[in-house]
Amino acid sequence: MAARHDSQDDPSEAGSASLPDFGDHIDLMTFEQILEMDDDEEERDFSKSIVFGFFEQAENTFKNMDTCLDSKDLAQLSSLGHFLKGSSATLGLTKVKDSCEKIQHFGASKDETGTTDVADKELCLERIKKTMGPLKRDYNEAETILKRFYHDS
(Lines give C-alpha, C1' and ligand atoms only; values in the text may rest on other atoms or scores of the structure.)
Protein backbone atom coordinates (compact mmCIF):
# COMPACT_ATOMS: atom_id res chain seq x y z
CA MET A 1 0.00 0.00 0.00
CA ALA A 2 1.43 3.38 -1.00
CA ALA A 3 1.91 6.07 1.62
CA ARG A 4 -0.25 9.19 1.28
CA HIS A 5 1.34 12.61 1.39
CA ASP A 6 -1.12 15.36 2.23
CA SER A 7 0.09 18.95 2.17
CA GLN A 8 -2.14 19.46 5.22
CA ASP A 9 0.25 17.24 7.19
CA ASP A 10 3.19 19.50 6.34
CA PRO A 11 3.70 21.95 9.20
CA SER A 12 5.45 24.41 6.87
CA GLU A 13 2.07 25.00 5.20
CA ALA A 14 0.47 26.30 8.39
CA GLY A 15 0.45 29.54 10.32
CA SER A 16 3.19 32.08 9.79
CA ALA A 17 5.11 29.93 7.32
CA SER A 18 3.61 32.01 4.50
CA LEU A 19 5.09 35.23 5.90
CA PRO A 20 8.60 36.23 4.92
CA ASP A 21 11.50 36.30 7.33
CA PHE A 22 11.51 39.85 8.67
CA GLY A 23 14.80 39.30 10.51
CA ASP A 24 15.29 41.28 13.68
CA HIS A 25 13.64 44.42 12.32
CA ILE A 26 10.06 43.28 12.83
CA ASP A 27 8.64 41.17 15.63
CA LEU A 28 6.57 38.59 13.77
CA MET A 29 4.13 37.86 16.60
CA THR A 30 3.27 41.54 16.99
CA PHE A 31 2.96 42.13 13.25
CA GLU A 32 0.75 39.05 12.84
CA GLN A 33 -1.73 40.60 15.30
CA ILE A 34 -2.11 43.53 12.89
CA LEU A 35 -2.47 41.15 9.93
CA GLU A 36 -5.23 39.23 11.73
CA MET A 37 -7.44 42.32 11.42
CA ASP A 38 -7.41 42.11 7.61
CA ASP A 39 -10.65 40.93 6.00
CA ASP A 40 -8.86 39.80 2.85
CA GLU A 41 -5.47 38.08 3.17
CA GLU A 42 -4.67 38.80 -0.48
CA GLU A 43 -5.35 42.56 -0.47
CA ARG A 44 -4.57 43.27 3.20
CA ASP A 45 -6.14 46.72 2.91
CA PHE A 46 -6.60 47.28 6.63
CA SER A 47 -3.08 46.43 7.79
CA LYS A 48 -1.57 48.18 4.77
CA SER A 49 -3.37 51.40 5.68
CA ILE A 50 -2.01 51.18 9.23
CA VAL A 51 1.54 50.49 8.07
CA PHE A 52 1.57 53.19 5.39
CA GLY A 53 -0.01 55.64 7.82
CA PHE A 54 2.87 54.89 10.16
CA PHE A 55 5.38 55.63 7.37
CA GLU A 56 3.85 59.09 6.90
CA GLN A 57 3.74 59.66 10.64
CA ALA A 58 7.36 58.59 11.08
CA GLU A 59 8.62 60.85 8.27
CA ASN A 60 6.86 63.85 9.83
CA THR A 61 8.18 62.94 13.27
CA PHE A 62 11.75 62.72 11.93
CA LYS A 63 11.39 66.24 10.47
CA ASN A 64 10.10 67.50 13.82
CA MET A 65 12.98 65.78 15.62
CA ASP A 66 15.51 67.44 13.33
CA THR A 67 13.90 70.82 14.01
CA CYS A 68 13.95 70.17 17.77
CA LEU A 69 17.61 69.16 17.59
CA ASP A 70 18.39 72.49 15.91
CA SER A 71 16.47 74.39 18.59
CA LYS A 72 17.88 72.15 21.37
CA ASP A 73 14.40 71.34 22.68
CA LEU A 74 15.05 68.27 24.83
CA ALA A 75 11.53 68.08 26.25
CA GLN A 76 9.94 68.01 22.80
CA LEU A 77 12.52 65.45 21.61
CA SER A 78 11.56 63.24 24.54
CA SER A 79 7.89 63.62 23.65
CA LEU A 80 8.49 62.82 19.98
CA GLY A 81 10.61 59.81 20.92
CA HIS A 82 7.81 58.57 23.17
CA PHE A 83 5.21 59.11 20.45
CA LEU A 84 7.12 57.24 17.76
CA LYS A 85 8.12 54.51 20.22
CA GLY A 86 4.46 53.66 20.77
CA SER A 87 3.58 53.64 17.08
CA SER A 88 6.56 51.51 16.13
CA ALA A 89 5.93 49.09 19.01
CA THR A 90 2.35 48.57 17.80
CA LEU A 91 3.68 47.33 14.45
CA GLY A 92 6.51 45.30 15.97
CA LEU A 93 9.33 47.48 14.64
CA THR A 94 11.67 46.53 17.45
CA LYS A 95 14.84 48.36 16.41
CA VAL A 96 12.93 51.56 15.69
CA LYS A 97 11.13 51.27 19.02
CA ASP A 98 14.40 50.75 20.91
CA SER A 99 16.04 53.82 19.36
CA CYS A 100 12.94 55.94 20.03
CA GLU A 101 13.00 54.85 23.66
CA LYS A 102 16.62 56.00 23.95
CA ILE A 103 15.68 59.38 22.45
CA GLN A 104 12.81 59.63 24.91
CA HIS A 105 15.23 59.04 27.80
CA PHE A 106 17.96 61.36 26.48
CA GLY A 107 15.35 64.09 25.96
CA ALA A 108 14.30 63.66 29.59
CA SER A 109 17.96 64.21 30.63
CA LYS A 110 18.48 60.55 31.48
CA ASP A 111 20.88 57.86 30.32
CA GLU A 112 19.77 55.47 27.56
CA THR A 113 18.03 53.17 30.06
CA GLY A 114 16.18 56.03 31.72
CA THR A 115 17.53 55.17 35.16
CA THR A 116 20.25 57.78 35.72
CA ASP A 117 19.94 61.56 35.51
CA VAL A 118 22.28 63.36 33.11
CA ALA A 119 22.78 67.03 33.95
CA ASP A 120 24.66 67.96 30.76
CA LYS A 121 22.10 69.13 28.18
CA GLU A 122 24.70 69.19 25.38
CA LEU A 123 25.65 65.58 26.14
CA CYS A 124 22.00 64.56 25.89
CA LEU A 125 21.64 66.38 22.57
CA GLU A 126 24.80 64.71 21.25
CA ARG A 127 23.47 61.30 22.28
CA ILE A 128 20.20 62.00 20.48
CA LYS A 129 22.10 63.02 17.34
CA LYS A 130 24.10 59.79 17.49
CA THR A 131 20.90 57.77 17.92
CA MET A 132 19.13 59.45 15.00
CA GLY A 133 21.44 57.83 12.42
CA PRO A 134 20.73 54.23 13.44
CA LEU A 135 17.05 55.11 14.00
CA LYS A 136 16.60 56.39 10.45
CA ARG A 137 18.63 53.52 8.99
CA ASP A 138 16.58 50.91 10.89
CA TYR A 139 13.37 52.67 9.89
CA ASN A 140 14.40 52.67 6.21
CA GLU A 141 15.24 48.96 6.36
CA ALA A 142 11.89 48.14 7.99
CA GLU A 143 10.07 50.34 5.48
CA THR A 144 11.74 48.51 2.58
CA ILE A 145 10.83 45.11 4.06
CA LEU A 146 7.20 46.12 4.62
CA LYS A 147 6.78 47.75 1.21
CA ARG A 148 8.12 44.55 -0.34
CA PHE A 149 5.65 42.54 1.78
CA TYR A 150 2.78 44.70 0.51
CA HIS A 151 4.15 44.56 -3.06
CA ASP A 152 4.61 48.33 -3.09
CA SER A 153 8.37 48.71 -3.49
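**The whole chain**

Begin with the entire protein displayed as a cartoon; the model is a predicted one. The protein contains five helices and zero strands, and reading along the sequence gives the pattern α-α-α-α-α. Colour the 153 residues by relative accessibility: 36% of them count as buried.

**Helix α2**

Next, select residues 45–71, which form helix α2. This helix has 27 residues and reaches 39 Å from its first C-alpha to its last, close to the 39 Å expected at 1.5 Å a residue. Show side chains for the buried residues of α2, among them Ser47, Val51, Phe54, Phe55 and Ala58. Further along α2, Thr61, Phe62, Met65, Cys68 and Leu69 are buried as well. Which helices do the buried residues of α2 pack against? Display α1 (28–35), α3 (74–91), α4 (94–107) and α5 (121–149) to see these partners. Then step just past the end of α2 to Lys72, where phi is positive, at about 55°.

**Thr61**

Return to helix α2 and centre the view on Thr61. Thr61 counts as buried because its relative accessible area is 3%, under the 20% cut-off. Setting aside residues up to four places away in sequence, Thr61 touches Leu80, Phe83 and Leu84.

**Glu143**

Now select Glu143, which is located in helix α5. Is Glu143 buried or exposed? Its relative accessibility is 15%, and Glu143 therefore counts as buried, the limit being under 20%. Beyond its neighbours within four places in sequence, Glu143 is in contact with Phe55 and Glu59. Phe55 is one of the buried residues of α2 already displayed.

**The largest pocket**

Finally, turn to the largest pocket, which holds about 280 Å³ of space. Its lining comprises 11 residues; select Glu41, Glu42, Arg44, Phe149 and His151, which lie nearest the centre of the pocket. Colouring the lining by residue class shows four nonpolar, two polar and five charged residues.

Note on methods. Residues are numbered from 1 along each chain as its sequence is written. This is a predicted model: local features need pLDDT of at least 70, side-chain atom pairs count only at pLDDT 80 or more; totals for chains, interfaces and linings use all residues. Side-chain values use heavy atoms; hydrogens and water are left out. On a 1 Å grid over the protein atoms alone, a cavity is a set of points where a 1.4 Å probe fits but cannot get out, and a pocket is an open set with protein on both sides within 12 Å along at least five of seven lines; lining residues have an atom within 4 Å of a point. Grid points are joined across faces, edges and corners, and a volume is the space filled by probe spheres set on the points. Ala, Val, Leu, Ile, Met, Phe, Trp, Tyr, Cys and Pro count as nonpolar, Asp, Glu, Lys and Arg as charged, and the others, Gly among them, as polar. Helices (H or I, at least four residues) and strands (E, at least two) are DSSP runs, numbered from the N terminus. The expected span of a helix is 1.5 Å times one less than its number of residues. Buried means under 20% relative accessible area, exposed over 50%, partly exposed in between (1.4 Å probe, protein chains only). Contact means heavy atoms within 4.5 Å.
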